[in-house]
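Here's a quick tour of one model, starting with a helix pair and ending with a pocket. Have the structure open as you read.

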Amino acid sequence: MTDKTPPPRKSAGPGAGAAPGGNPLAAEVPLVVDPLLDDPGTRIIVCCGAGGVGKTTTAAALGVRAAERGRRTVVLTIDPARRLAQSMGLTELDNTPRPVPGIDGEAGGELHAMMLDMKRTFDEIVEAHADPERAQAILGNPFYQSLSAGFAGTQEYMAMEKLGQLRSPSDDGEEWDLIVVDTPPSRSALDFLDAPKRLGSFLDGRFIRMLMAPAKAGGRAGMKFVNLGMAGLSMFTGALNKLLGTGLLSDVQTFVAAMDTMFGGFRTRADATYRLLQAPGTAFLVVAAPERDALREAAYFVERLAEDRMPLAGLVLNRVHGSGAADLSAERALAAAENLEEGRIVDRGDGKEKKDGAPSPGRPGTQDEDEADQLAAALLRLHAERMQLLTRERRTRDRFAALHPEVPVAEVGALAGDVHDLAGLRAIGAQLAHAAESA
């Protein structure tokens, strides 16, 4: 078996294969990351999940590991946070892939990173698919400027457009071996799956068709149709003009007329990218933390991806806590702490024995002894809290595993601080790669 061949999967039934005292979730079906990164057939990895679970860090760590294992990789983030640039040593990210310094290129790989600029991507589409005169009219249209800067759903659609651009060979024939996508937080992370459908509904809507009619109609019949249509809309447009300004309808009509020939191309490209996400070369990784709400979101993502026939590679469980003294339960630690605090089990030395030589519990010791006891009790209580946290995490992981025993899992241990450089990203990548070995 080569290092690029994943090991045979174990039985995925609930509780199957769990080692005593081990992690039953990880023991079900371990996620093997390196074969996924090394496989030339893997061209797109999409990291999705709830907010605040480490998607950006996971995407960056996968990008670093893939590049240093020999693949020409680009990481695309559509998360408005700037953590990705900071962790990769870049002063800023924009709509153009930037090379990441400090990557070990001995294996022949390289890493670039970029952040989606929604408006710039929209502008690039207009400039590429319209003649210069029409492009200038669109770019200067007030309605277009509002639409491209923040219209609901535009970000998700532009993410689809940018992914399609990255997946296609550039003008000089170069293309990326692997594209790692870091999606927005929460359930909106899957909104880009609905972008083609929502775009089609928008373009095929009755209001848009009526606005496009004047541009398509001609002659007396056309003018008659336009006049009838405008008469039917007079009450609506009058109220709209009062609320939003008298020039809004004119701006919208001018925009629709200029964009008319491009609408079909938007839908076609979005549909093509959607099919690309369903293709075997794409792998979705759901990222979560071992918390109830995060794993509930993860279950939603898993079910939604299955519904849309998107290829799920597995679950990355971030910030999993552990303990070097797991044999000492929370109950025993609390009992020992109480005994120390009440002085019931401590032999305090000379002058503290009964006549038969047995220790005298409850008698005060020296100040140093009392302070040592209090410190030990505090540490025992801290350990008890950690063990209670581990129990809660195990319970939530087991609940997810029972619902989705077929989902491969890799765990990443909680770190003492934030990841802010390449060394930290390498450490995360190593944990992901070795998760199967430690399961």
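## Two helices side by side

H13 crosses H15 in a right-handed sense. Bear in mind that this is a predicted model. On the H13 side, the contact is made by Arg292, Leu295, Ala298, Ala299 and Val302, while H15 brings in Thr396, Arg397 and Phe400. Sort the residues of this contact by class and you get five nonpolar, one polar and two charged.

As for the geometry, H13 covers residues 292-307 and H15 covers residues 367-403. Their axes sit 10 Å apart, and the packing angle is about 15°. Angles under 35 degrees count as roughly parallel, so H13 and H15 are roughly parallel to each other.

## The largest pocket

The largest pocket holds about 570 Å³, and 27 residues line it. Which of them lie nearest its centre? Those are Gly54, Thr57, Arg319, Asp418 and Val419.

By class, the lining of this pocket is made up of twelve polar, ten nonpolar and five charged residues.

## Who builds the lining

Several elements each give at least two residues to the lining of the largest pocket. The helices here are H3 (55-68), H4 (83-87) and H16 (422-438); the strands are E7 (312-320) and E8 (409-413). H3 has the largest share, with five residues of the lining.

Technical notes. Residues numbered from 1 in each chain as written. Predicted model: local features only at pLDDT ≥ 70, side-chain atom pairs only at ≥ 80, totals over all residues. Heavy atoms only, no water. 1 Å grid on protein atoms, 1.4 Å probe; cavity = no way out; pocket = protein on both sides within 12 Å on 5 of 7 lines; lining within 4 Å. Points joined across faces, edges and corners; volume = space filled by probe spheres on them. Helix = DSSP H or I, 4+ residues; strand = E, 2+ residues; numbered from the N terminus. Nonpolar A, V, L, I, M, F, W, Y, C, P; charged D, E, K, R; others polar. Axes fitted to C-alpha atoms, helices over the stretch in contact; angles between N-to-C directions. Parallel < 35°, antiparallel > 145°, perpendicular 65-115°, else oblique. Left-handed = near helix turned anticlockwise from the far one by under 90°. Contact = heavy atoms within 4.5 Å.
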